[in-house]
Amino acid sequence: GQPLGPRRLSLKPVPKLPNMEAFLREAFAKVKKQARGCLAPELCFQAVRAATELPFAEGVRRERELFRVLQSSGQARALQYVFFADRAVQKWTTPSGASWSSSSPQPIRTAAVIGLGTMGRGIVTSLVKANIPVVALEQDLEYLNKGRKAVMLLLEHEAKKMQRGAQTLDFHNPARLQFTVDLGLLRDVDLVIEAVFENMALKKEIFHKLSRICKPGALLCTNTSALNIDEIASATSHPQQVIGTHFFSPAHVMRLLEIIYGRHTSPSAIATAMQLAKALGKVGVVVGNCFGFVGNRMMFPYVQQAVFLLEEGSRPEAVDQALEDFGFKIGPFRMSDLAGLDVGWRSRRGQGLTGPSVPAGTPARQRQGQRYSPLPDLLCESGRFGQKTGKGWYQYEKAGGRTATPDPWLHSFLTHYRDTHGIKTRFIDQEEILERCLFALINEGFAILAEGIASGPEHLD
């Protein structure tokens, strides 16, 4: 028998909190930091703010206005595009006429991973999480024990996260995860992922052994970031079973899996690799074989421009800041430190761009008629490999540390480098940083599309 009026929440005044302004300011700073470059979280915050300051009806009106701004924004259109692009890449085709609709995958009941470095550990973790029994292999006991320890730490961390969702992760059971130095144990696995150093001779030696040991139907995958799939396959007696599965670091976190077919790779092998991506909860993208494939090939000119900007007067933290404010999760220099500067260095040495095989009299800042910066090489020569050594483009609290802080040593090193090469320093604004890095990335994308390495723009995006 009570009237409903006073019980209607929307008619009650919003209670005023004493420190509302400070609280909202702090919350906004937090949202801005987490949502770098993204409109929606900031506008959500503004809607909540309106609810605290305005009567209900006006607050709702304000929320509708904000929603309309988002609905017609470029970011909304881009996110919708990405949603559909994610699905479009599942329908792969190759120039030879193989396609998703006419190829069937082989079953993957068991898998093996060779090499327990950073990438191998992440791949083992991904497979265990996907409930695929794994044999993890290293060259000797010392490396095996080191790798086992690191994998167990990763899995314990993942298990804790999964327990919150009431799932369990059974990784102490040897039937699910086995560590070994014996290649013979790979006799019956359905799929092998090789994740050793980016060294062609080493990879060919491993694939030669695998083609003798593994059953003929086993899929032989190489986690290479740039090397020629056909050359690796040439070391085996069944090249149709060889395929590139390029995971991105950290492999148990990153959702992209680049799948690279060679000249002889069978349609069934491509379908199986795509099936693997799905089982691991990753987005598989099928691309052709060229140096760096798609992901790293687009990354080369992007990172190269970032380094050129340092030569001309910028600093790592300024370049990273510009790209992170634009919306990248991590700038090129923090990314290099995370992945390890030695990876690119090893690749450049292999290509003869740096190191003892460079012909005498080659200009320091030119290779094959193109501008070249030896800065990353010089950092590696002084043992600065990034997070793993506690020093790279930034300094870290310790080897393996995660918190990047600007390094005075690097700033004076850059000054000395510019003086040595007679480079005049100038102020470089955010606009130039964005344009030079992003246009280089986009242009390379168009070149890849023109060469038919990717079969559509969605694959690149």
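**View 1. Helix 5 packs against helix 6 in this predicted model.** Helix 5 covers residues 118-129 and helix 6 covers residues 141-164; helices here are DSSP runs (H or I, at least four residues), numbered from the N terminus. Their axes lie 9 Å apart and meet at an angle of about 45°, with each axis being a line fitted to C-alpha atoms over the stretch in contact and angles running from 0 to 180 degrees between N-to-C directions.

View 2. Contact means heavy atoms within 4.5 Å.

**View 3. Arginine 297 sits in helix 10 (residues 295-312).** Arginine 297 is buried, with a relative accessible area of 10% (buried means under 20%, with a 1.4 Å probe and protein chains only). Beyond its neighbours within four places in sequence, its contacts include Cys290, Phe291, Gly292 and Ala447.

**View 4. The side chain of arginine 297 makes polar contacts with two glutamates.** One partner is the side chain of glutamate 444, at 2.8 Å, and another is that of glutamate 451, at 2.8 Å. A polar contact is a pair of N or O atoms within 3.5 Å, where one must be able to donate a hydrogen and the other to accept it.

Residues are numbered from 1 along each chain, and side-chain values use heavy atoms, without hydrogens and water. Local features need pLDDT of at least 70, side-chain atom pairs count only at pLDDT 80 or more, and totals for chains, interfaces and linings use all residues.

Conventions
Helix = DSSP H or I, 4+ residues; strand = E, 2+ residues; numbered from the N terminus. Buried < 20%, exposed > 50% of the residue type's maximum accessible area, 1.4 Å probe, protein only.
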